[in-house]
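Hi there,

Here is the structure I promised to pass on. Have a look at it first, and then read on for what turned up.

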Amino acid sequence: MTHPVKPLVPTEKKRVFIVDDHPIFRKGLEMLISMEADLTVCGEASESRLAIDALRQIEADVVLVDISLPGADGIELVKHLRAEHPKLPILVITAYDEKTYGLRALRAGATGYLTKREGETHLVAAVRSVLSGKIWVSPDFKGQLIYKIALGAVDGDSPLDALSDRELEVLHLLGEGKSSQEISEKLNLSIKTIETHRLHIKQKLELKSSSDLVRFALELKREV
């Protein structure tokens with residue numbers, strides 16, 4: 001007597017935690033993930049502090065982290081999570097191009113980097129890749145990364161490397177045409193703090209005026 005073959009069903013779904021300050025984007029990620037038989041969303045947070053607290057209470061198998069977050073940015077969150085959860089896979093999924101933040105994210109401890117424009121197409125593959133212990137980056141960026149490492153030029157090969165993660169984020173937001181007030185509201189930081197960041201960016205990039213800074217930010221945005 002033969003018995004029907006039962007389809008293979010995952011015995012346990014991998015738990016995905018999402019950190020992004022846009023509710024609609026979080027919902028979109030949740031919908032994509034929920035369509036997979038082996039994945040489930042175990043929680044979400046809109047900012048770093050809430051994510052850190054939540055991940056102390058619940059168990060996740062992988063965390064998806066945006067870079068632009070209120071308070072501590074995504075790169076700082078990656079560093080913190082890597083310190084608290086050394087084996088936890090972390091996939092950065094962001095609107096920022098790999099050229100600017102890719103190496104910073106990997107240095108901070110991320111196990112993958114995915115731009116939001118690639119998200120719908122490659123999200124599930126990227127999640128499964130980092131869950132399996134592999135690093136996920138785009139083929140183009142992988143070539144750039146190998147090239148930089150081969151030349152020993154991972155550090156200090158761009159004027160932007162002198163900027164802190166938050167300064168770089170402020171520069172990108174200036175490139176999007178945002179005012180100091182708008183940046184302050186988006187990052188949940190005081191105007192005084194944003195103006196201090198702007199001053200430090202000018203000094204580090206050797207720009208003479210605020211108009212030079214904005215011009216540089218706009219040109220950088222067009223390049224990436």
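Of the 224 residues in the protein chain, 44% are buried (buried means under 20% relative accessible area, exposed over 50% and partly exposed in between, with a 1.4 Å probe and protein chains only). Please keep in mind that this is a predicted model, in which local features need pLDDT of at least 70 and side-chain atom pairs count only at pLDDT 80 or more, while totals for chains, interfaces and linings use all residues. Residues are numbered from 1 along each chain as its sequence is written, and side-chain values use heavy atoms, with hydrogens and water left out.

The protein chain has ten helices and five strands (DSSP runs numbered from the N terminus: helices are H or I with at least four residues, strands are E with at least two). Among its contacts between residues at least 6 apart in sequence, 65% join residues at least 24 apart; contact means heavy atoms within 4.5 Å.

Let me start with the sheet. It is open and parallel, built from five strands in the order S2-S1-S3-S4-S5 (two strands pair if DSSP finds at least two bridges between them). Strand S2 (39–45) and strand S5 (112–115) each have a single partner strand, so one side of each is left without a neighbour in the sheet. On average, neighbouring strands are turned by 25° against each other, direction ignored.

Two of the pairings are worth a look on screen. Strand S1 (residues 14–19) pairs with strand S3 (residues 62–65) in the parallel sense over four bridges, and Ile18 stands opposite Leu64 in S3. Strand S4 (residues 90–94) pairs with S5, also parallel and over four bridges, with Tyr113 of S5 as the bridge partner of Val92. Both faces of S5 are covered: Gly112 and Leu114 are buried on one side, Tyr113 and Thr115 on the other.

Now to the helices. Helix H2 (residues 48–57) packs with helix H3 (residues 74–84) at an angle of about 15°, and their axes are 10 Å apart. Axes here are lines fitted to C-alpha atoms, for helices over the stretch in contact, and angles run from 0 to 180 degrees between N-to-C directions. H2 and H3 are therefore roughly parallel to each other (under 35 degrees; over 145 is roughly antiparallel, 65 to 115 roughly perpendicular and the rest oblique). The contact is made by Ser48, Ala51, Ile52, Leu55 and Arg56 of H2 with Leu77, His80, Leu81 and Glu84 of H3.

Helix H4 (residues 98–108) has nine of its eleven residues buried, so it is largely enclosed by the rest of the structure. Among the buried ones are Tyr101, Leu103, Arg104 and Leu106. Just after H4, Gly109 takes a positive phi of about 125°.

Which residue lies 8.9 Å from Gly109 in space, C-alpha to C-alpha, though 23 residues apart in sequence? That is Pro86, in the loop between H3 and S4. At 57% relative accessibility, Pro86 counts as exposed.

Ser129 is buried, with a relative accessible area of 12%. Leaving aside its neighbours within four places in sequence, Ser129 is in contact with Lys134, Ile135 and Trp136.

Best wishes
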